[in-house]
Amino acid sequence: MRIFVTGATGFIGAAIVHELISAGHQVLGLTRSEAGARSLAAVGAEVHRGDIEDLDSLRRGAALVDGVIHTAFNHDFSTFLANCEADRQAVEAMGSTLQGSDRPLVVTSVAMLGASARGLPATEDNFNPESPNPRNASERAAVALTQRGVNVSVVRLPQVHNPVKQGLISPLIELAREKGVAAYVDAGLNRWAAVHLSDAARVYVLALEKRVAGSRYHAVAEEGIALRTITEVIGHGLNVPVKSIAASDAPAHFGWLAPFVGHDMPASSALTQERLAWQPKGPGLIADLEQMRYV
Ligand SMILES: NC(=O)c1ccc[n+]([C@@H]2O[C@H](COP(=O)([O-])OP(=O)(O)OC[C@H]3O[C@@H](n4cnc5c(N)ncnc54)[C@H](OP(=O)(O)O)[C@@H]3O)[C@@H](O)[C@H]2O)c1
């Protein structure tokens, strides 16, 4: 198949492009920049110049292909609400272009949106459209498209890691470096789910090939690792002390990361493993954090 990949130059998108090309697919990759165009050409992908805020550029890309994988996202957290709304519009625009065909669209979401009863891991079939998390806009768009007969799947991600980058843990490492202390909130028992980059990329390609309309998948290898455990590895890597911060002091210490750092967000992938015959193979989060170069 010829697949339009948005975010094709990003951390996860580039791994998906590699996986698609290795599986014999052709890739049309979206990028805003000349440097992005060069990196896509270097791996054998075709280039589609555009922007997720230029909906016509997305529609043109989606019209040229057999399927779409959408991973582009503006990660400026100071405009998070607007970025989530932009993502909703991007999903809607590409899905509308595919409407009337069986061509699949795979949308990116976050594993915490599958949260059920407090303390239980998030599950694939759980989705609360009323969730206060603005990121649910992307999944609301996916649901609306499914109701219009578009073949949409959602891949939900936890912290995606390799020895270079580890989701929200990367800015936590930078904060610990800047403050000279690695910190967690209260007892640090809240958990974050995780997956290795290569395992996450395989879930996208399997979801695309499986093309089950209205499906949700969790690219999750580890259900939940306590923030205290993660922080201790960071402290050791940076050679800085590790300490607990009271929840009331978290906003002052962690800034925009505060709402995440104290949050318990375990997630299960039992249904995904069964439905896609997918099994995670990559190293775990702690192993990758131990491999990181901290200097
Ligand atoms: N990394 C994680 O651990 C993690 C965890 C949960 C969810 N996610 C989600 O997974 C997806 C991919 O994340 P990532 O970590 O791979 O992101 P990333 O490395 O920051 O890459 C972002 C990509 O989005 C593109 N992009 C950004 N703004 C754009 C715009 N205005 N128009 C077009 N493209 C734009 C960039 O392309 P150009 O610069 O080439 O235009 C880049 O390829 C996102 O939806 C993210 O929220 C990631």
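1. Basis. The model is predicted, so local features are taken at pLDDT of at least 70 and side-chain atom pairs only at pLDDT 80 or more, while totals for chains, interfaces and linings use all residues. Residues are numbered from 1 along each chain as its sequence is written, and side-chain values use heavy atoms, with hydrogens and water left out.

2. Aromatic pairs. Rings of Phe, Tyr and Trp (its six-membered ring) pair if their centres lie within 6.5 Å, with planes under 30 degrees apart called stacked, over 60 edge-to-face and the rest tilted; by this rule there are five aromatic pairs. One of them, Phe77 with Phe80, is stacked, at 5.2 Å centre to centre and 25° between the planes. Trp256 and Phe260 form an edge-to-face pair, at 6.5 Å centre to centre and 80° between the planes.

3. Cluster and its surroundings. Phe73, Phe77, Phe80, Trp256 and Phe260 make up one aromatic cluster. With buried meaning under 20% relative accessible area, exposed over 50% and partly exposed in between (1.4 Å probe, protein chains only), Phe260 is buried at 15%, whereas Phe77 at 26% and Trp256 at 42% are partly exposed. The charged end of Arg135 sits over the ring of Phe73, 3.9 Å from its centre; the criterion is that NZ of Lys or CZ of Arg is within 6 Å of the ring centre and within 35 degrees of the ring normal.

4. Sheet. Helices (H or I, at least four residues) and strands (E, at least two) are DSSP runs, numbered from the N terminus, and two strands pair if DSSP finds at least two bridges between them. An open sheet of three strands has the order E7-E9-E11 with mixed pairing, and its edge strands are E7 (159–161) and E11 (222–226). E7 runs parallel to E9 (residues 191–196), joined by three bridges, and His161 has His196 in E9 as its bridge partner.

5. Helices on the sheet. Helix H7 (residues 197–210) packs on the sheet, touching E7 and E9, and its direction makes about 75° with that of E9. Contact means heavy atoms within 4.5 Å; axes are lines fitted to C-alpha atoms, for helices over the stretch in contact, and angles run from 0 to 180 degrees between N-to-C directions. Helix H8 (residues 227–238) lies across E9 and E11, at about 65° to E11.

6. Backbone points to check. Asn239, in the loop between H8 and strand E12 (242–245), has a positive phi of about 60° although it is not a glycine, and is exposed at 71% relative accessibility. Ala277, likewise not a glycine, has a positive phi of about 50°.
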